[in-house]
Amino acid sequence: MTRPHRTTPGCLACRQTPEHSRLCPSTDEEAIWYLQHPLPGGQRDWTSAGIRYTGAPARRRAVRALMAATHWARMHDSPELPMSPGLLIKHILAELGSTSRRTARVGYTTDFLTTLDCTCDPWRCVHDYDSPTGEPSPEWLTGPGIDPDLLITVTLVAVEIRWAQIWQTYWFADAGGAVNLAIDSIPETSPPGISVACHRRWHDVCPGDTKPRPPDTARTPCPCPCHDTGTPS
Ligand SMILES: [Zn+2]
Ligand SMILES: [Zn+2]
Ligand SMILES: [Zn+2]
Ligand SMILES: [Zn+2]
């Protein structure tokens with residue numbers, strides 16, 4: 001049951017009603033994100049593609065709590081992953097194409113979040129505005145007027161890509177297919193000449209030096225600080 005509502009709710013991104021503001025990401029098919037939040041050392045982009053699951057504070061709180069419970073596996077020597085997230089991660093890596101070779105870690109949750117799979121325009125979902133205060137509240141899912149048949153559970157998977165000067169984590173909801181929810185970007189530059197292993201923080205598998213670049217013939221020591229003490233950090 002969807003309760004009738006008197007007015008069109010404001011857009012979750014631009015707050016306008018009934019139209020969108022000129023620069024609203026909902027009207028821009030190229031817009032990747034609708035909201036940015038700071039992270040320590042970087043930022044999180046909440047994607048337009050995932051707004052159905054993240055478009056209100058209560059929904060983002062639930063997603064953040066689940067993110068914090070992620071199990072991480074290093075993409076070194078084909079990590080063992082449980083079947084269900086494993087297949088989805090494999091699918092995502094295939095979609096990423098050559099970028100997937102930069103994967104440092106993959107993550108998955110065994111916990112799940114309960115969310116609402118309503119038929120609203122995701123930019124103007126009426127359900128988050130049905131709480132008594134008119135504001136999204138943490139109790140919105142259990143409030144009266146929420147049809148239990150609309151409740152679904154989703155787990156998360158994550159792919160962490162190590163670029164030359166930045167870490168990026170792509171978060172997906174496993175909702176009968178991968179839905180990108182957020183992209184975390186944290187700039188970090190490695191010392192020049194660092195090994196691939198140390199660049200990806202796989203310090204314990206770095207041999208301590210790297211293959212010479214022709215015409216050099218001697219292996220060059222890996223400049224990662226983890227080798228300074230002789231023990232991986
Ligand atoms: Zn809008
Ligand atoms: Zn809705
Ligand atoms: Zn290192
Ligand atoms: Zn190293």
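## Zinc ion (ligand 3)

In this predicted model, Cys198 (SG), His203 (ND1), Cys224 (SG) and Cys226 (SG) coordinate the zinc ion (ligand 3) at 2.0 to 2.3 Å, where donors are N, O and S atoms within 2.8 Å of the metal (3.2 Å for Na, K and Ca) and water is not among the atoms, so sites may look incomplete. The arrangement is tetrahedral because the four donor atoms subtend angles of 105 to 112°, the criterion for four donors being that all angles lie between 85 and 135 degrees. For comparison, the ideal angle for four tetrahedral donors is 109.5 degrees.

The donor residues follow the spacing C-x4-H-x20-C-x1-C. Histidine 203 lies in the loop between α4 (196-199) and β9 (209-210), and cysteine 226 in the segment after β10 (220-221), so this pair ties together parts 23 residues apart in sequence; helices (H or I, at least four residues) and strands (E, at least two) are DSSP runs, numbered from the N terminus. Histidine 203 and cysteine 226 are both buried, that is, under 20% relative accessible area, with exposed meaning over 50% and partly exposed in between (1.4 Å probe, protein chains only).

## A bridging cysteine

Cysteine 198 also bridges the zinc ion (ligand 3) to the zinc ion (ligand 4), the two ions lying 3.9 Å apart.

## Zinc ion (ligand 1)

The zinc ion (ligand 1) is coordinated at 2.1 to 2.3 Å by Cys11 (SG), Cys14 (SG), His20 (ND1) and Cys24 (SG), residues spaced C-x2-C-x5-H-x3-C. Its site is tetrahedral, with angles of 101 to 118° among the four donor atoms. Cysteine 11 is buried at a relative accessible area of 0%, whereas histidine 20, at 26%, is partly exposed.

## Basis of the values

Residues are numbered from 1 along each chain as its sequence is written, while chains are lettered from A and ligands numbered from 1 in the order in which they are written. Local features need pLDDT of at least 70 and side-chain atom pairs count only at pLDDT 80 or more, whereas totals for chains, interfaces and linings use all residues; side-chain values use heavy atoms, with hydrogens and water left out.

Terms used:
Tetrahedral: all angles 85-135°; square planar, octahedral: opposite > 155°, others 65-115°.
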